[in-house]
Amino acid sequence: MDPAHTKRRHSPKLEHSGDRWFHSVSLWRGGLYRYKPGTSFTFLTGDMVYRLIRMVRRYLIMPWNQESPMNQRIKLVADWLSGNYTKTQLAHRFNVSRPTVDKWIARHDGDLKSLSELSRRPHNSPNKTDDEILARVVAMKEAHDKWGPKKLLELLRIEDPTIAWPAPSTAGQWLDRLGLVSKRRFKRRHGTSHAPMREANEPNKTWCADYKGQFKMLNGQMCFPLTVTDHASRLILACRAHPKIMTQPVKQAFERLFSGIRHAASHSF
């Protein structure tokens with residue numbers, strides 16, 4: 001057979017017909033699927049489509065296997081015990097390797113449980129926490145049930161610094177497995193109120209008060225200025241410096257402002 005003919009047969013072929021290029025790809029056996037690219041269809045896109053068609057063809061031809069691995073192992077062993085198949089034929093039949101067939105045949109001892117998966121847990125773990133150390137951590141936790149693993153281990157290190165105590169995360173996992181960790185209750189956060197501010201068309205109808213603009217003075221102390229402004233005229237009615245946020249100085253500032261308003265009202269009449 002001509003090698004050039006074989007290459008054209010098994011690879012996408014570009015044919016020129018007039019002013020158009022046709023991208024021909026082989027979709028099914030013995031059939032020819034012809035692509036007619038448009039203005040935005042390039043040869044690179046045609047190659048991507050060709051690969052997509054091959055992938056779809058692969059999954060359409062292969063039947064979807066819904067059997068569990070345990071059922072397939074039982075069928076494999078049953079076919080082997082029937083004597084109608086060799087190990088190589090079973091490997092092709094169940095789409096597994098020859099060593100896999102040898103493994104399940106050798107593991108079968110007459111009981112179906114022998115075909116189940118074995119535990120992958122290691123027989124020995126050198127980094128496992130010692131039971132004596134775990135018992136001391138648990139005893140300390142029972143004596144101080146409100147403490148966390150970090151604080152418990154810090155106290156244990158002070159009592160006996162010669163022991164290599166586990167990490168706080170490891171101690172926390174062990175305490176959680178033993179049911180000695182109480183879960184924190186989720187506190188719902190209440191958002192800020194979206195109520196609109198009252199309209200202030202006239203002075204002294206609405207006042208705005210707030211602690212804002214705190215700063216550190218030259219002597220190192222913090223200063224929290226309390227400001228009271230009129231919402232309509234934006235006039236600053238009071239500005240007092242407080243060492244911290246307190247309720248009593250705020251009451252005194254408002255009492256002073258109210259007394260001044262009453263005094264001004266009495267003199268106006």
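Q: In which strand is T229 found?
A: This is a predicted model, so to read it you need the cut-offs: local features require pLDDT of at least 70, side-chain atom pairs count only at pLDDT 80 or more, and totals for chains, interfaces and linings use all residues. Numbering starts from 1 along each chain as its sequence is written, and side-chain values use heavy atoms, with hydrogens and water left out. Strands are DSSP runs of E with at least two residues and helices are runs of H or I with at least four, both numbered from the N terminus. With those labels, T229 is found in strand β6.

Q: Is T229 buried or exposed?
A: The scale here is relative accessible area with a 1.4 Å probe and protein chains only: buried is under 20%, exposed is over 50%, and partly exposed is in between. T229 has a relative accessible area of 16%. That value is under the 20% cut-off, so T229 counts as buried.

Q: Which residues is T229 in contact with, leaving aside neighbours within four places in sequence?
A: A contact is a pair with heavy atoms within 4.5 Å. T229 sits in β6. Beyond the sequence neighbours within four places, its contacts are T206, W207, C208, L235, I236 and L237.

Q: How many of the residues of β6 are buried?
A: β6 spans residues 222-230. The strand is mostly covered, and of its nine residues the buried ones number eight.

Q: How many bridges does β6 make with β7?
A: Two strands pair if DSSP finds at least two bridges between them. β7 covers residues 236-242, and β6 and β7 pair in the antiparallel sense. The bridge count for β6 and β7 is six.

Q: Which residue takes a positive phi in the hairpin of β6 and β7?
A: This hairpin has five residues between the strands. Its positive phi is near 60°, and it belongs to R234.

Q: How many bridges join β4 to β6?
A: β4 covers residues 207-211. β4 and β6 run antiparallel, and the number of bridges joining them is five.

Q: Which residue takes a positive phi in the hairpin of β5 and β6?
A: β5 is residues 215-216, and it pairs with β6 in the antiparallel sense over two bridges. F215 stands opposite C223 in β6. The hairpin has five residues between the strands, and the positive phi, near 90°, is that of G220.

Q: Where is N95 placed?
A: N95 is not a glycine, yet it has a positive phi of about 60°. Its relative accessibility is 66%, so it counts as exposed. It is placed in the loop between α4 (87-93) and α5 (98-107).

Q: How does N204 count at 49% relative accessibility?
A: N204, also not a glycine, has a positive phi of about 60°. It lies in the loop between α8 (168-177) and β4. At 49% relative accessibility, N204 counts as partly exposed.

Q: What is the angle at which α6 and α7 pack?
A: α6 is residues 131-143 and α7 is residues 149-159. Axes are lines fitted to C-alpha atoms, for helices over the stretch in contact, and angles run from 0 to 180 degrees between N-to-C directions. The two axes are 10 Å apart, and the angle is about 115°.

Q: How many nonpolar residues are in the contact of α6 with α7?
A: The contact involves R136, V137, M140 and K141 of α6 with L152, L153, L155, L156 and E159 of α7. Ala, Val, Leu, Ile, Met, Phe, Trp, Tyr, Cys and Pro count as nonpolar, Asp, Glu, Lys and Arg as charged, and the others, Gly among them, as polar. The tally has three charged residues and no polar ones, and the nonpolar residues number six.

Q: How far is the C-alpha atom of W174 from that of V138?
A: W174 is found in helix α8 and is partly exposed at 24% relative accessibility. Leaving aside neighbours within four places in sequence, W174 is in contact with T129 and L134. W174 and V138 are 36 residues apart along the chain, and their C-alpha atoms are separated by 8.8 Å.

Q: What percentage of the residues in the protein is buried?
A: The secondary structure comes to nine helices and seven strands. The protein has 269 residues, and the buried share is 20%.
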